[in-house]
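Keep the viewer open as you read.

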Amino acid sequence: MTSKLITVDVEEFLKRDFSDEPEIEIDTSDPNDLWLPDDGRYPVRLKYNGTRTREARKTSKKYIEVYLEATVVRALGRSNQNIVGRCLYDRVTTIPYRWNGQKLTGISRLLDALGVDRRSLRSPKSLVKGLVKALESEPLVMIDTQWQAYSREARKVVRRAMSTFPKGKDGKPIPKIEFDFERIKAQARIVQFGRPSEADIQRVRQPGNVESGSDGNRTLTSTSKDSRNDKSEE
């Protein structure tokens, strides 16, 4: 079959009124679309995934980012089991910000969740080295996730939480929005790291997750009795 070249009058095309054009409906069932877990708490194996030094836009001060890979080891509550074995990617930095009345870096918060004594880790570089060492064993950590829409034009998060995103005909949230003519896909961000309790560890050991079985019977240890990153470029 021969192709035909179509000539378009650009001036006339730009004058065209698109207001009556049908809206494009997003197919949320597309398996190749962006995978996002529901907002919630998940037990994960946390792995070091590299570092990078960057410069803050407002202050021009240099800071370090540590990249993380979190593999979900079990679905808790009403979460779908197909998330088991899936990976989330995020980062923590050496930039301090307010958290529960304290000024802490994301790295410091993660070290606390891992049960690392950071009193001797006084410099940003020592904090990074301490975290890299703590992640060598790929520790079990509880994470809280949240859908966020980050605008590259506005350079800020313009929407947070899955419940605030538009819903499709099936009632499920659609992980895409338009903000000032910019089309944005939601990302699952880790908003909190927690220490697994003994109950969490027992649930992870149960059948139906990547930790159980003859080949995957890893030793799980709790770093503390109870559970406890501003992901935009600070």
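Helices (H or I, at least four residues) and strands (E, at least two) are DSSP runs here, numbered from the N terminus. This is a predicted model, so local features need pLDDT of at least 70 and side-chain atom pairs count only at pLDDT 80 or more, while totals for chains, interfaces and linings use all residues. Residues are numbered from 1 along each chain as its sequence is written, and side-chain values use heavy atoms, with hydrogens and water left out.

Start with helix 2, which spans residues 106–113 and is followed by Gly115, a residue with a positive phi near 75°. The helix is mostly covered, with seven of its eight residues buried (buried is under 20% relative accessible area, exposed is over 50%, and partly exposed is in between, using a 1.4 Å probe and protein chains only). Among the buried residues are Gly106, Ile107, Arg109 and Leu110.

Now for the charges. A salt bridge here means a side-chain nitrogen of Lys or Arg within 4 Å of a carboxyl oxygen of Asp or Glu. Searching the whole structure turns up nine of these salt bridges.

Some of them join up: Arg52, Arg54, Glu65 and Arg91 are linked in a network of salt bridges. Take Arg52 and Glu65, whose closest N and O atoms are 3.6 Å apart in their salt bridge. Arg52 sits in strand 1 (residues 40–55) and Glu65 in strand 2 (residues 62–72), so this pair ties together parts that are 13 residues apart in sequence. Is each partner buried or exposed, or something in between? Arg52 is partly exposed at 41% relative accessible area, whereas Glu65 is buried at 0%.

Glu65 also forms a salt bridge with Arg91, and there the closest N and O atoms are 2.9 Å apart. That pair links distant parts of the chain, from Glu65 in strand 2 to Arg91 in strand 3 (residues 87–93), 26 residues apart. Arg91 is buried too, with a relative accessible area of 12%.

For a pair within one helix, go to helix 4 (residues 198–205), where Asp200 and Arg203 are three residues apart, or about one helical turn. They form a salt bridge with closest N and O atoms 2.4 Å apart. Asp200 is buried at 7% relative accessible area, while Arg203 counts as partly exposed at 34%.
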